[in-house]
Amino acid sequence: MPIVSREKQRVCFFITILLSLGASALIATAIGTENWISASPVRIVENDNDTKKEGNVSLGLFRGAGELNREPLEAKRINLYITCKTWCMYSTAEDSKEREDELQDAMNEMTSSGEIENAS
């Protein structure tokens, strides 16, 4: 059985630490990004000579944003926030209490309509 020198052990240990730190940084960046899902929705307005209204939507794990071209009006940017209790949902409400209330209302509505059994 060959004996590994102390210097080779140190080099392997140092390389392992660098690779671990790099992987951790990559994972943290991936989790924190708002671009997990990107889409370019197109809406065709039939009454306006079939004009296309285009936009961009980006959704991440915790936040998202969307922008829709609404000619002749200026483009509108919408911030999306994720709220979780038992379930999770995207919300446009700026206040965290409003987002929690929206989620609770949605859970109660689905429970009362029979779509799910328990929303608590």
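Is aspartate 101 buried, partly exposed or exposed, and what is its relative accessible area? Aspartate 101 is partly exposed, with a relative accessible area of 36%. Here buried means under 20% relative accessible area, exposed over 50%, and partly exposed in between (1.4 Å probe, protein chains only).

The model is predicted: local features need pLDDT of at least 70, side-chain atom pairs count only at pLDDT 80 or more, and totals for chains, interfaces and linings use all residues. Residues are numbered from 1 along each chain as its sequence is written, and side-chain values use heavy atoms, with hydrogens and water left out.

Helix H2 comprises the 18 residues 96-113. Helices are DSSP runs (H or I, at least four residues), numbered from the N terminus.

Arg99, Leu103 and Met107 of H2 are buried. They lie on the same side of H2, because they cover an arc of only 70° around the axis. The arc is taken from the directions from the helix axis to the C-beta atoms. Asp105, Glu109 and Ser112 are exposed, on the face turned away from the buried side. Glycine 114 follows H2 and has a positive phi, near 85°.

Lysine 97 forms a salt bridge with aspartate 101, their closest N and O atoms being 3.3 Å apart. The criterion is a side-chain nitrogen of Lys or Arg within 4 Å of a carboxyl oxygen of Asp or Glu. By this rule the count is 1 salt bridge. Both partners lie in H2, 4 residues apart, about one turn of the helix.

Definitions and conventions: Helices (H or I, at least four residues) and strands (E, at least two) are DSSP runs, numbered from the N terminus. The expected span of a helix is 1.5 Å times one less than its number of residues.
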